[in-house]
Amino acid sequence: MTVKEYNQAVELFSDNVFRFVLKNIRDEEKAKDIVQDSFEKMWEKKDKVEGSKVKSYLFTTAYRTMIDKIRKYKKQGNWDEVSESDYAHSAGHHDLSEVLQEALSRLPEVQRSVVLLRDYEGYNYDEISEITNLSLSQVKVYIFRARKALKEYLVSIEHVI
């Protein structure tokens with residue numbers, strides 16, 4: 001990979017990788033750090049990364065870096081101990097995107113990641129399997145379960161009103 005190809009990869013994929021990570025961890029600063037770490041790792045291995053596999057490499061690296069950071073912060077504690085909603089007063093009206101974010105936040109990490117890769121980023125099952133290092137059948141099961149849980153949460157009237 002040349003410097004020009006690397007710069008093209010930054011230009012083409014940095015926003016997508018950032019959105020993917022941000023949707024999973026919901027912390028903008030940590031998401032920026034993970035994206036930067038992913039591009040740094042790609043630069044360190046620029047001689048081994050093929051131009052046609054840059055996007056897959058970036059998402060795989062970002063996913064694994066994100067999981068490592070989540071595990072690290074869970075051991076340290078207090079990552080999401082307090083949410084804004086604990087201190088906010090609401091009259092019961094929720095924006096649909098807030099309801100969807102709440103539904104996504106209730107999913108286990110792996111289900112949230114695979115459903116975001118599939119439905120938000122548009123990856124196919126094989127690519128998701130490669131990125132997450134899960135078998136194809138595991139990916140399908142996790143996506144099915146995540147969609148089922150989202151549907152159950154979203155059709156519940158008290159979450160919409």
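## A helix with a kink

The bend at a residue is the angle between two axes, one fitted to the seven residues ending there and one to the seven starting there. Helices here are DSSP runs of H or I with at least four residues, numbered from the N terminus. With that in hand, look at helix α1 (residues 3-25), which bends by about 50° at F13. Just after α1, R26 takes a positive phi of about 55°.

This is a predicted model, where local features need pLDDT of at least 70 and side-chain atom pairs count only at pLDDT 80 or more, while totals for chains, interfaces and linings use all residues. Residues are numbered from 1 along each chain as its sequence is written, and side-chain values use heavy atoms, leaving out hydrogens and water.

## Rings that meet

Rings of Phe, Tyr and Trp (its six-membered ring) pair if their centres lie within 6.5 Å; planes under 30 degrees apart are stacked, over 60 edge-to-face, and the rest tilted. The whole structure holds four aromatic pairs. One of them is Y6 with F39, edge-to-face at 6.2 Å centre to centre and 90° between the planes. Y6 sits in helix α1 and F39 in helix α2 (residues 28-44), 33 residues apart.

Then there's F20 with F59, a tilted pair at 5.7 Å and 55°. F20 lies in helix α1 and F59 in helix α3 (residues 54-76), so this pair ties together parts 39 residues apart in sequence. Both F20 and F59 are buried (under 20% relative accessible area, with a 1.4 Å probe and protein chains only). Back at the other pair, ring pairs link Y6, F39 and W43 into a cluster.

Conventions
Helix = DSSP H or I, 4+ residues; strand = E, 2+ residues; numbered from the N terminus. Buried < 20%, exposed > 50% of the residue type's maximum accessible area, 1.4 Å probe, protein only.
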